[in-house]
Amino acid sequence: MAFTNNYSTSFRWCDRLFGTDDKYREYRERVAASKAAMKGKSKTEREAAERQLMAEIEAEGQRAEAIAEGTLSEERSN
């Protein structure tokens, strides 16, 4: 979740080919959808939505990190 690719900046196409950048692509889609939903909204509403999205993404990253470190099982995180 925290990285844009796994193979390196020179071999990003490997991530795309092998699907190792799925979480990053999901993140980019969520950001784009959020921006599209906020068109025509006030600056305050846009900022609130951005804070909420960032909080959700940060929580997902922390869960993924805990699972990777073995301090949280995948079953408990769902």
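Me: Why is Ala 66 called buried?

Reply: In this predicted model, Ala 66 has a relative accessible area of 15%. You'll find Ala 66 in helix α3, which covers residues 43-69.

Me: What is Ala 66 in contact with, leaving aside neighbours within four places in sequence?

Reply: That would be Thr 71 and Leu 72. To count as a contact, heavy atoms have to be within 4.5 Å.

Me: And over the whole chain, how much is buried?

Reply: Of its 78 residues, 14% count as buried. The chain exposes about 6400 Å², with carbon and sulfur atoms supplying 50% of that.

Me: What makes Tyr 24 and Tyr 27 an aromatic pair, and why is the pair called tilted?

Reply: A search of the whole structure turns up 1 aromatic pair. The ring centres of Tyr 24 and Tyr 27 are 6.3 Å apart, and the limit for pairing is 6.5 Å, so they pair. Their planes sit at 35°. Stacked needs under 30 degrees and edge-to-face over 60, so this pair is tilted.

Me: How do you know that Tyr 24 and Tyr 27 are separated by about one helical turn?

Reply: Both belong to helix α2 (residues 22-37), and they are 3 residues apart there, so about one turn separates them.

Me: Why are Tyr 24 and Tyr 27 called partly exposed?

Reply: Tyr 24 has a relative accessible area of 27%, and Tyr 27 comes in at 23%.

Key
Residues numbered from 1 in each chain as written. Predicted model: local features only at pLDDT ≥ 70, side-chain atom pairs only at ≥ 80, totals over all residues. Heavy atoms only, no water. Buried < 20%, exposed > 50% of the residue type's maximum accessible area, 1.4 Å probe, protein only. Areas by Shrake-Rupley, 256 points an atom, 1.4 Å probe, with all protein chains shown as cover. Helix = DSSP H or I, 4+ residues; strand = E, 2+ residues; numbered from the N terminus. Phe/Tyr/Trp six-rings, centres within 6.5 Å; stacked < 30°, edge-to-face > 60°.
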